[in-house]
Amino acid sequence: MKTFLKKIKKKLSDYFYDHIKLRIFLEYVFMFMAASLSSLVYAYGYKSFVDPSSADGNIVTGGASGIAQIITLIFEICGVDGNQAIGPTNMGYLIQSIFYIITNIPIAIIAFKSVGKKFAFFTVVNVLLYFVFVNLIPEQACNIYYSNEIAGIDLGFFERALFAGICSGLSSSIAILSGHSNGGVDVVSVFITVKNPNKSIGKVSMLINFCIIFVYTLLTRIDAGNWAFVTCALYSLVYFFVTSVVVDALVTKNRKNQLQIITSNIEVADVLIANFPHSATIVKGIGAFTKMEKSIIYIVLSSYETKRAIKVVQAVDPQAFITVTKVQSLVGRFYMKPNE
């Protein structure tokens, strides 16, 4: 069965190699589907856990969404009723989603100029689809967690922060893994990690979002006139933490491994360089038992490249001895494929 699947995979790979236009078309279809799924997950998480219409108080998100929440809160402080129904949605969701798009416009321009055209295009698609989903998803589907008659559960702030963080982390991870983002801080995070591969996308996002919490909770204090904003701030931190943990667990692009390969076949280094955009260092050694001359090859790879690198080495030298060590920090030139 395994051999059969490998043959099918090779035939498909050869076919798409010869049909470039079809391959590019399918890549765009895949990215559109990923953008749709990412925006749907984020919209559902926002409407169900971040700012559900049936719950008292909300959790502040970060980035463009958090800025849009701040603007929505300012509207409410000025007397706009956020719960006023407008077709299938309400005024609060409509204002938030409109300003979510507006806030993402300069970020999309930065992405277009500094990260990549395809990256920027599908980020815009993701943001626009969020606007559609957050206003079209029925509130009945999002409020089931707050009605004992329907679901038999009633989520508190902690549970909401937990589930909202999982949805946000999944949404960001789906977007980043497919070669774009869901806007806001993710674009800034990807830009920073492109410039500095040692940075963690999740941690960069979390750091930037602290300012959003401060401003939003301050406005909550003004609006409510009590100390409920402290609860909002604390559980917003839980939301950010869970989001960053999920993103760092799923997005492994910025993790590095060092491979130490002990081999008698000097061609292993040439094959590695031919298959991966990284160089290697060769140290000569002698086997303690055999007294035979050995080559010790050191190479640093992204974690998602490690498994394939091991297969490549074993195909050239099945007797090679390989150890894998996680790299905590990296200083120097390390090539990473840029976003298109």
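Buried here means under 20% relative accessible area, exposed means over 50%, and partly exposed is in between, with a 1.4 Å probe and protein chains only. You are looking at a predicted model, where local features need pLDDT of at least 70, side-chain atom pairs count only at pLDDT 80 or more, and totals for chains, interfaces and linings use all residues. Residues are numbered from 1 along each chain as its sequence is written, and side-chain values use heavy atoms, with hydrogens and water left out.

**Stop 1: helix α11**

Select residues 267-275, helix α11. Helices (H or I, at least four residues) and strands (E, at least two) are DSSP runs, numbered from the N terminus. Colour Val268, Ala269 and Leu272, the buried residues of α11. They sit on the same side of the helix, because they cover an arc of only 100 degrees around the axis, the arc being that of the directions from the helix axis to the C-beta atoms. Now turn to the face pointing away from that buried side: the exposed residues Asp270 and Ala274 are there. What do the buried residues of α11 pack against? Show β3 (256-263), β4, β5 and α12, and you have their partners; contact means heavy atoms within 4.5 Å.

**Stop 2: Asp317**

Next, pick Asp317, in the loop between α12 (303-316) and β6 (321-327). Is Asp317 buried or exposed? Buried, with a relative accessible area of 11%. Leaving aside residues up to four places away in sequence, Asp317 touches Thr263, Ser264, Asn265 and Val268; Val268 is one of the buried residues of α11. Asn265 is 52 residues away along the chain from Asp317, yet their C-alpha atoms are separated by 6.7 Å. Also put a distance label on the backbone nitrogen of Gln319, which lies 3.0 Å from a polar atom of the Asp317 side chain.

**Stop 3: Lys291**

Move to the loop between β4 (281-286) and β5 (293-302), where you will find Lys291. Lys291 has a positive phi of about 60 degrees although it is not a glycine. Lys291 is exposed, with a relative accessible area of 61%.

**Stop 4: α4 and α5**

Finally, select α4 (residues 91-114) and α5 (residues 117-136), which pack at an angle of about 180 degrees with their axes 10 Å apart. Axes are lines fitted to C-alpha atoms, for helices over the stretch in contact, and angles run from 0 to 180 degrees between N-to-C directions. The pair is therefore roughly antiparallel, a label for angles over 145 degrees. Among the residues that meet are Tyr93, Ile101 and Phe112 in α4, and Phe119, Val127 and Phe131 in α5.

Conventions:
Angles under 35 degrees count as roughly parallel, over 145 as roughly antiparallel, 65 to 115 as roughly perpendicular and the rest as oblique. A polar contact is a pair of N or O atoms within 3.5 Å; within protein, one must be able to donate a hydrogen and the other to accept it, and residues adjacent in sequence count only if both atoms are side-chain atoms.
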